[in-house]
Amino acid sequence: MPRPDSPDPHDPFQAFLQRVTRPIEFASRDAYAHLKAVRNLDRFVSEQVIGALGERVYSQSLETELLSLRNLFVDFHTRLSPIEQQDRLSQALGLLRRLQEKQHKINPPDTSPSKGRSVPGLVRSGSTRVLWDLPIQFAKGVGPHRTMLLERLGIHTIEQALWTLPWRYEDRSVVTPVNKLVPGSMHIICGVIVCAEATRAGSRRLSILDVAVEDTTGTVRAVFFNQPYLEDVLKRGVRIIVAGRVVAGRGGWMDVRLEATQFEVLSGAEDELLHVGRIVPIYHETKGWTSRHMRVLIHGLLAEYETDVEEVLPLSVRARHRLPPISVAIRQVHFPPPKTDLPALDRGTTAAHRRLAFEELFLLQAALVLRQRETKEELKPFRFNPNVAQLNQLAQLLPFTLTSAQERVFREIQADMVTSRPMNRLMQGDVGSGKTVVALHALVMACGSGYQTALMVPTEILAEQHYLNLQPLLQALGLNTVLLTSGGKTKARNGKLKQLASGVAQVAIGTHALIQKKVQFAKLGLVIVDEQHKFGVLQRKSLLDKGYRPDVLVMTATPIPRTLAMTVWGDLDVSVIDMLPPGRKPVRTLLYSEGQRHKAWQLVRDELKAGHQAYIVYPLVEESEKTDLKAAIQGAEHLQRDVFPEARVGLLHGRLKTAEKERTMAALKAGTIQVLVATTVIEVGVDVPNATVMVIEHAERFGLAQLHQLRGRVGRGAHQSLCLLMASYLAREARERVGRDGRREQNASHAQQRLGALVNSNDGFVIAEEDLRIRGPGEFLGLRQWGVPEFRAANLVRDTDLLEQARHEAYTLLEQDHGLTMPQHQAFKTAMLRRWHAKLALGDVS
């Protein structure tokens, strides 16, 4: 397509034409070979045209041409076949040629020049580009292939690239010449590989790559252990930078080598100063995309777009917390100034890091405060009767009375249920505090008022256990209950679905299958979620999407650290059951190594002789499910045959058929099974007061909260109970594995901390905080799909103070500006809605 020889970069219309033309030409090139690689062309062209029309007044004919261009792409990706897409692209190029020819006749008013070179970008008033909607594939040096690599790292836009922070840093500001290396110290060298030799020490199964690196002052050997794949990377002639400890060889001070911990291949290009002679950022990598690539990309993006990064924090908030401007923070987290504190950079606690973390937390907290306010302002289309007869009948059926803490929490729930506002309440309490029976009272009140209740749990076996425990009680109260899991025959499942849709069944117990599309309720009034950390604010939106506005009661089987209560459940009211039923004694926890197993078995025998029962728990994780299941089955056989031949040993795991599980659980409760070997399916929901001892095999493989849950299966009667942790790591020293990036991972250190915390404390709140500290929020909370907010800069363990500050500021801001209508808050409101509107269903705010 013809272009002027010297397009005026200050001409906004010329810049607009170039931005729109570039991706269309790219898609049309080489007989449309790149068409599939171009995405979001419909939205991109539409935004460009609307932006251009909003900047100035054009002639009617030119305006018509611009709207015709937009119309060519309205349904481009949704309805057109490849042939039709090619025809539209051809029409668009012809139209753009006509616009280019008309361009010299146009005399637009003088405006401020667009910053930087013209690249594809969305334009707003003042020519500031909207980076959150600017595709990364149109950035300089990023084509279709690199776009796919970046998408693996979760980078789709320019903004996401700039918010992809380094996970650590290296101080390469001081590169030591080879002739100045000192044994016993850490050094960085830079040079060219003159030879490389790979050897293997057979007796130790150790691979060694010996690389000679030469600079202008001499040559030194750099040694890489157990990284044979580097033979294809570190070859003669390659220029590298290497960090490591210098050690003296057999020849003493004259024979030194560098035991490499990190390295990076350098290209010798003009951008080498990005990678040497400064504090260098290290990013998460994927095959084909390294930290070096990322540094070059970020450096280019900052040069191009730094002034376009939008400041969304109100000036008053930034001033109160002394936060740097967003553009300064973005630059400094990627390319820290000289002499920045390296440990602070690695911890993510520099002023720049905290600025970005605060913004993320502030946006979330404001959204949660708005969501909570919206919920409280909603009107639910029904009311519950607090005086239903079934509540009195339930009290007569139960063999115990509620504790004062249980009574108080039920009154709080009851008060929510009788109001005209929907309930969104989190009920937390330690293991064995009696959350389920409180939830049962809420269930009976809802069903007695003529509405249905859904009880959702994390696993099918727990759903089955709840059904077995609750169904007789509910039946006695005249309530029809169905169990809905993914298994079972289609005919039976369809029958249950009809009962729920017609209202014949008042109670549904199951997993997340209960909120799938096929499940319809006649009058859903209450949803109870028994899922410790697996049902956050994002998950509840699926209920709203189905048109239901039920009261929601979330039960946590492990107390929630305060930071998580303010994020995952930040829009809920909280009730705490802070006392155990009378007569309960704290469980005594002991830690044993493999060599002390005989002591553990003797303690179990003593409990069995006293007429009590025992659990033996094996780990079961998805990644090694077959192996773990085999270990549990073989373990049960060994225990029955060799260890406890005088007792009856039962086996429970998730692969058993429902009827077999029911028989096993019934036999356990009846006392005919004395020892139950189980996988972690007994983590929650099993209540056998006569079980007084639990042995947990490979305890180091469990999370701390999960261990605390398992321990809660014993100690449910008046007898002193024991939890015996069998840790195989105690039989060997902690092994270290050195990865390509030089990180040393101690296999046993976190396990030691977890097990030590469990031995030392029975307080669930203390244990939950410790578990969060040890494992970090990602692993603690599990999979993202369960409703956990994702952060790029914030860390819920590290940034607890920022979270508190952000929550306080969110309340203050929304008290001052109830609907965020003030001009100075529009950028913040737009960013908050963009980030959280869909996920939190912030309907009224937008």
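Colleague: How many bridges join strand E12 (residues 524-530) to E13?
Modeller: This is a predicted model, in which local features need pLDDT of at least 70 and side-chain atom pairs count only at pLDDT 80 or more, whereas totals for chains, interfaces and linings use all residues. Residues are numbered from 1 along each chain as its sequence is written, and side-chain values use heavy atoms, with hydrogens and water left out. Strands here are DSSP runs (E, at least two residues), numbered from the N terminus, and two of them pair if DSSP finds at least two bridges between them. E12 and E13 run parallel, leucine 526 has aspartate 551 of E13 as its bridge partner, and the bridges joining the two strands number five.

Colleague: Which residue of E13 stands opposite asparagine 424?
Modeller: Strand E8 (residues 424-429) runs parallel to E13 and is joined to it by five bridges. Within this pairing, the residue opposite asparagine 424 is valine 552.

Colleague: Which strands are the edges of the open six-stranded sheet?
Modeller: The sheet has parallel pairing in the order E15-E20-E19-E16-E18-E17. Two strands each pair on one side only, and these edges are E15 (588-592) and E17 (649-652).

Notes:
Helices (H or I, at least four residues) and strands (E, at least two) are DSSP runs, numbered from the N terminus.
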